[in-house]
Amino acid sequence: MLRQASLFEKAPAIKIKPDFRERLSLLSRDSRFDLAGSCAKDALGQGRKRGPLGRWLYPVVLPNGRRMTLFRTLLSNQCYSDCAYCPLRQERDFPRLSLKPEEIAEAFISLWRRKIVHGLFLSSAIFAHPDQVMEKFIAVARILREKEGFGGYIHLKVIPGASEAAIEAAAKLANALSLNIEASAPKRLACLSRTKKFEKIWQGLSQIKKLKENFSFSQTTQFIVGAAGETDAEIIWQTEKLYRQLKLNRVYFSAYQPGLGREDLPGEHLARQNNFFLREHRLYQVDFLLRKYGFSAREIPLKDGFLPLEKDPKELWAESNPQFFPVDVNRASYRELLRVPGIGPTIARRILEARKEGRLKDISSFFPNNKLFRKAFPYIKT
Ligand code: SF4
């Protein structure tokens with residue numbers, strides 16, 4: 001705590017105080033650097049759009065599959081932390097701004113009443129002790145829940161180092177809590193930040209998991225992909241651990257964007273740096289295999305620790321396991337059907353349902369398009 005206190009003193013001072021609208025617009029824009037969200041497109045700066053009064057709106061898919069538009073902003077971009085991948089890090093010199101809880105609540109409610117947004121995603125740089133930042137999040141949520149009667153979706157970030165009491169207070173008000181793990185291992189996080197500690201973040205994630213026994217909210221986290229020079233294998237193993245041990249609802253991946261971080265970051269110099277977004281995409285495909293398709297981390301095809309970028313990991317698995325195919329669509333279990341490229345949970349369920357009516361001779365009509373059917377065709381028999 002003492003160490004953090006001295007860092008706060010060094011936090012860059014607020015240099016300008018533009019009017020509320022401009023602050024909101026800028027902080028809402030800056031929230032794109034802090035994703036932990038639900039929309040992989042955010043990392044590319046796509047998907048989001050500028051709403052009324054310059055506020056950024058983010059279409060997202062929640063862990064339960066529900067789609068909605070979120071109003072997303074930072075409370076502040078003033079940060080005492082030193083995350084080397086983040087353009088908001090302490091050492092950088094640019095205008096630092098903050099919003100008051102009442103200002104955020106007022107802006108959100110006006111958009112929500114006009115049905116422009118459905119929920120709020122609130123995050124912040126670390127401008128004070130973690131509990132003080134959490135206090136502001138909680139103040140916003142309290143205004144919305146208790147004063148404005150808002151019963152919809154609120155996602156709050158958990159600041160690394162926040163106390164159990166602060167996390168619990170947030171859990172009582174939020175539909176979702178996220179604490180970003182950032183890196184795949186202690187040594188990788190040490191390469192990204194002197195202030196964030198892997199063990200502490202894991203401890204925070206465990207505390208959040210425990211709170212799920214008493215409160216109803218979903219728990220998510222996020223990796224920065226490529227910044228620390230980690231392999232995909234490291235991220236995949238850690239992702240599996242997060243799902244199995246900590247029962248996370250979703251793990252997100254955010255491609256490091258070269259040029260935004262410190263020059264000495266491994267991610268700045270990796271030959272694969274132009275492929276971070278494709279790596280992110282392949283990791284999302286793996287995430288689906290782990291979460292929805294019954295794959296384990298050790299089954300994911302890798303080359304020298306990385307996901308081959310040229311092909312879908314499920315197709316690569318099918319190509320390297322010919323003994324598993326062809327799958328008989330009239331006899332296969334749900335799990336076996338899910339191993340077929342082109343067949344996902346929806347199609348697998350359709351097949352099982354249709355089998356109750358009799359033997360299947362042609363399943364092409366179960367596929368939403370011909371391309372998907374052609375993908376599955378070499379791997380099935382009727
Ligand atoms: S804590 Fe790290 S990632 Fe978050 S805003 Fe500060 S420097 Fe950026």
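Ala, Val, Leu, Ile, Met, Phe, Trp, Tyr, Cys and Pro count as nonpolar, Asp, Glu, Lys and Arg as charged, and the others, Gly among them, as polar. This is a predicted model: local features need pLDDT of at least 70, side-chain atom pairs count only at pLDDT 80 or more, and totals for chains, interfaces and linings use all residues. Residues are numbered from 1 along each chain as its sequence is written, and side-chain values use heavy atoms, with hydrogens and water left out.

**View 1. The shell around the ligand.** The residues are C79, S81, C83, Y85, C86, R89, A125, I126 and K196. Six are nonpolar, one is polar and two are charged.

**View 2. The whole chain.** Helices (H or I, at least four residues) and strands (E, at least two) are DSSP runs, numbered from the N terminus. The chain has 14 helices and ten strands. Of its 382 residues, 57% count as buried, meaning under 20% relative accessible area (1.4 Å probe, protein chains only).

**View 3. The largest nonpolar core.** A nonpolar core is a set of buried Ala, Val, Leu, Ile, Met, Phe, Trp, Tyr and Cys residues joined through side-chain atoms within 4.5 Å. The largest one holds 112 residues, and L177 and I343 touch the most other members. Helix α4 (residues 130–147) gives the largest share, eight residues. Domain 1 (6–310) and domain 2 (321–381) each supply at least three residues; these bounds come from an automatic or database domain assignment.

**View 4. Contacts of I343.** Contact means heavy atoms within 4.5 Å. Leaving out residues up to four places away in sequence, I343 touches Y293, K314, L337, L338, A348, I351, F367, A376 and I380.

**View 5. Helix α7.** Buried in α7 are F198, I201, W202, G204, L205, Q207, I208 and L211. Their cover includes α5 (164–173), β6 (176–178), α6 (186–192), β7 (218–225) and α8 (232–246).

**View 6. F108 and its neighbours.** F108 lies in helix α3 (residues 101–113). F108 is buried because its relative accessible area is 0%. Not counting residues up to four places away in sequence, F108 touches F71, V117, G119, L120, L144 and F150. F71 is 37 residues from F108 along the chain, yet their C-alpha atoms are separated by 6.8 Å.

How values were computed. A residue is near a molecule or strand if one of its heavy atoms lies within 4 Å of it. Buried means under 20% relative accessible area, exposed over 50%, partly exposed in between (1.4 Å probe, protein chains only).
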